[in-house]
Amino acid sequence: MSREFPIHWIEEIVDKIIARKPNVAVISTGKTTSGRIHVGIMRELIISDAITRRLKTRGYKAKFQFFVDDFDAAKKFPPNIPKEFKKYVGMTFNVIPDPYGCHESYGKHFAMELIDTFKEFGLNPEIIWTHEFYEKEETREAIRTALKKVDIIRKIYEKYVAPTLAEDQRDSYIKELQHWYPLMVICEKCKHILGKRNGKIIPNRISDFDAERDVVEYTCNHCGHHGTVSISKGTIKLTWRVDWPAKWAITKVTCEPAGKDHCVKGGAYDTGLEICKEVFGYEGPIKVPYEWVRLGEYDMKTHKGITFTPSDFLAIAPPEVLRYLILKTDPMRGISIKPEFLPRLMDEFEDFEKKYYSDRCDDFTKYLYPLVYPDEKTPDHVFRIPFRFAIM
């Protein structure tokens with residue numbers, strides 16, 4: 001760990017990144033735009049921003065990027081979305097219309113609701129729209145690589161996914177894997193990438209790949225259309241456990257925080273790291289797992305409409321307070337946002353801030369406050385009206 005500041009977990013991550021000696025350290029995050037994006041995503045974004053800042057402070061080149069996963073498909077819609085949107089289930093968020101009519105797509109609307117708060121929170125990542133990312137030749141080449149090395153991917157799936165299934169399901173899963181490809185096609189006729197049968201969602205997976213002709217065959221599970229599409233020109237997408245490591249390899253990601261559900265032993269992150277190395281020839285990022293952010297006693301769920309968004313937080317407290325709450329807390333400790341406890345949190349933050357500008361400032365405060373303040377350069381002094389006085 002850093003000798004200058006040996007007291008914060010961010011520095012441990014930074015030291016691991018520096019040990020890899022990357023030309024440019026790429027810190028990556030991403031989020032599916034399935035509805036109003038809750039404040040839990042800020043844990044990932046703020047941690048990534050803090051890592052990027054510290055790398056730059058220590059003299060290293062660093063880049064922070066955010067994938068807007070608008071190329072994922074709708075499986076259901078939150079309760080606040082009109083019922084007639086059910087007809088769009090199975091289509092990708094970048095082609096579903098905006099229910100409020102102010103953006104070109106559903107995915108763009110909910111992405112911008114989040115992105116529009118970035119400036120206040122001091123976040124400045126490069127925004128990568130996944131539907132555009134799939135139009136790049138590097139991504140098309142990664143798709144070809146995944147198809148040519150499908151046997152390796154099948155073995156990795158058998159290693160990581162099969163053991164998680166019940167014994168009576170395991171044999172049939174392994175048998176199905178022998179004819180499975182990690183690629184889905186958006187139907188040329190109905191524009192769906194998923195279909196539904198007996199209430200079960202079934203992706204439009206390909207049935208065959210012709211490397212010589214550079215085409216794949218598929219059958220749409222929504223309308224039944226059978227077709228052949230070119231990898232160079234077709235609208236196609238890797239399944240998400242392969243999509244993730246492909247993004248790591250293409251953009252040379254050095255570090256990516258992710259929720260605890262993806263980071264469990266043998267989970268999606270471990271699967272991705274092995275696919276990244278064995279299929280795409282890149283070692284993959286440093287894993288930074290974190291606990292979820294809860295709303296009081298509730299887990300926030302976008303698809304269920306249980307959300308408290310970053311803009312909701314800004315309506316009741318300054319952005320630096322959320323940065324403080326996230327960065328002072330060990331990433332594997334849970335955070336519960338309770339508006340009724342906000343005055344107490346503000347008291348704690350105000351004392352922390354006063355300490356930074358006083359002769360009481362210790363090493364921990366000296367390290368953390370510049371990461372907490374939204375602007376990368378802290379002012380000479382911040383005068384703040386006490387929160388309790390202001391609300392009274």
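## The second largest pocket

By class, nine nonpolar, three polar and five charged residues make up the lining of the second largest pocket; here Ala, Val, Leu, Ile, Met, Phe, Trp, Tyr, Cys and Pro count as nonpolar, Asp, Glu, Lys and Arg as charged, and the others, Gly among them, as polar. The model is predicted, so local features need pLDDT of at least 70 and side-chain atom pairs count only at pLDDT 80 or more, while totals for chains, interfaces and linings use all residues. Residues are numbered from 1 along each chain as its sequence is written, and side-chain values use heavy atoms, with hydrogens and water left out.

The volume of the second largest pocket is about 370 Å³. Of the 17 residues that line it, Leu325, Ile335, Ser336, Phe341 and Leu345 are the closest to its centre. Helix H13 (319-328), strand S15 (335-337) and helix H14 (342-356) are the elements that give two or more residues to this lining, and H14 gives the most, with four residues. Helices (H or I, at least four residues) and strands (E, at least two) are DSSP runs, numbered from the N terminus. A pocket is found on a 1 Å grid over the protein atoms alone, as an open set of points with protein on both sides within 12 Å along at least five of seven lines; a cavity is a set of points where a 1.4 Å probe fits but cannot get out, and lining residues have an atom within 4 Å of a point. Grid points are joined across faces, edges and corners, and a volume is the space filled by probe spheres set on the points.

## The cavity

A search of the whole structure finds one cavity of 30 Å³ or more. The largest cavity holds about 30 Å³ of space. Its lining consists of Ile37, Phe110, Glu113, Leu114, Thr309, Pro310 and Ser311. Helix H3 (106-115) and helix H12 (310-314) are the elements that give two or more residues to the lining of the largest cavity, and the largest share, three residues, comes from H3. By class, four residues of this lining are nonpolar, two are polar and one is charged.

## Salt bridges

The structure contains 26 salt bridges, a salt bridge being a side-chain nitrogen of Lys or Arg within 4 Å of a carboxyl oxygen of Asp or Glu. One of them joins the side chains of Arg144 and Asp214, at 2.8 Å from N to O. This pair links distant parts of the chain, 70 residues apart: Arg144 belongs to helix H6 (residues 137-148), and Asp214 to the loop between strand S7 (206-210) and strand S8 (215-219). Arg144 counts as buried, at 9% relative accessibility, and Asp214 is buried as well, with a relative accessible area of 15%. Buried means under 20% relative accessible area, exposed over 50%, and partly exposed in between (1.4 Å probe, protein chains only).

In the salt bridge between Asp351 and Arg360, the closest N and O atoms are 3.6 Å apart. Asp351 is partly exposed at 38% relative accessibility, as is Arg360 at 44%. Salt bridges that share partners also join Asp69, Asp72, Lys237, Asp243 and Lys247 into one network.

## A covered strand

Strand S11 (residues 255-259) is mostly covered, with five of its five residues buried. In a regular strand the side chains alternate between the two faces of the sheet. In S11, Cys255, Pro257 and Gly259 point one way and Glu256 and Ala258 the other way, and all are buried.

Five bridges join S11 to strand S12 (residues 286-290), and the two run parallel. Ile286 is the bridge partner of Cys255 in S12. Two strands pair if DSSP finds at least two bridges between them.

Strands of a sheet pair through backbone hydrogen bonds, either parallel or antiparallel. Three strands form an open sheet in the order S7-S8-S9, with antiparallel pairing. S7 and strand S9 (226-230) stand at the edges, each with a single partner strand, so one side of each is left without a neighbour in the sheet.

Four bridges join S7 to S8. Tyr218 in S8 is the bridge partner of Ile206.
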